[in-house]
Amino acid sequence: SSTVLLMVFFTFSEAISSLLFQTVHYSDLIKVVGLSTIFNGIINQPFVFRLQFEERSKLYVIITSLCTLTTLVLTILFVVVWENGVWGFMLATLIGSVITFFCHFLAVVKWTRFSTDRGVANDLVRYGLPMISSFFFLFVLQNAGRFILQRYHGIADVGIYSIGHTFGMV
């Protein structure tokens, strides 16, 4: 699903930008959003779930809190201090997503034995395939407010909203 989503974001970034913002100017931002979504929203989840299912709540809370704080600091640096605007927010989000992924991965990989079972893999694909479209619609629902805000109030207000949203996620 990550590969398919990445191909969609990179192949249709100009069309998505035109549809959402009436310009292709933001196509690179669409690609960054796609990468952030893949790191934080898809490939990070099995490692987060492993921590939760194994009831390693202390480690989960520590990693999640530190990574959220790191992303928040990066966002403030990129947007406020270095005045990179929307690009700064998106890059800070991408970097934070990658850091979060690696922190969860490294925490879990130490005590995980990797193996493959073709029957389980087939079951997982059969179960997960219908969820790809629901993930897309969930992404649209979670981000629709930003597109509406941009449409009626401009991209600067979306940046302020996004910073507030980051604070709220803490």
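E55 sits in the loop that links helix 4 (45-53) to helix 5 (57-81); helices here are DSSP runs of H or I with at least four residues, numbered from the N terminus. This is a predicted model, where local features need pLDDT of at least 70, side-chain atom pairs count only at pLDDT 80 or more, and totals for chains, interfaces and linings use all residues. Residues are numbered from 1 along each chain as its sequence is written, and side-chain values use heavy atoms, with hydrogens and water left out.

**Loops with positive phi**
- E55 isn't a glycine, yet its phi is positive, near 55 degrees.
- E55 counts as exposed because its relative accessibility is 71% (exposed is over 50%, buried is under 20% and partly exposed is in between, with a 1.4 Å probe and protein chains only).
- Q22 also has a positive phi, about 60 degrees, without being a glycine.
- You'll find Q22 in the loop between helix 2 (13-21) and helix 3 (27-43).

**Helix 6**
- Helix 6 (residues 85-109) has 25 residues and should span 36 Å at 1.5 Å a residue, which agrees with the 36 Å between its end C-alpha atoms (the expected span is 1.5 Å times one less than the number of residues).
- Its buried residues include G88, F89, M90, A92 and L94, along with T100, F101 and H104.

**T166 and its surroundings**
- T166 belongs to helix 9 (residues 155-169).
- With 12% relative accessibility, T166 counts as buried.
- Leaving aside residues up to four places away in sequence, T166 touches L72 and F89 (contact means heavy atoms within 4.5 Å).
- T93 is 73 residues from T166 along the chain, and their C-alpha atoms are 9.3 Å apart.

Key. Helices (H or I, at least four residues) and strands (E, at least two) are DSSP runs, numbered from the N terminus.
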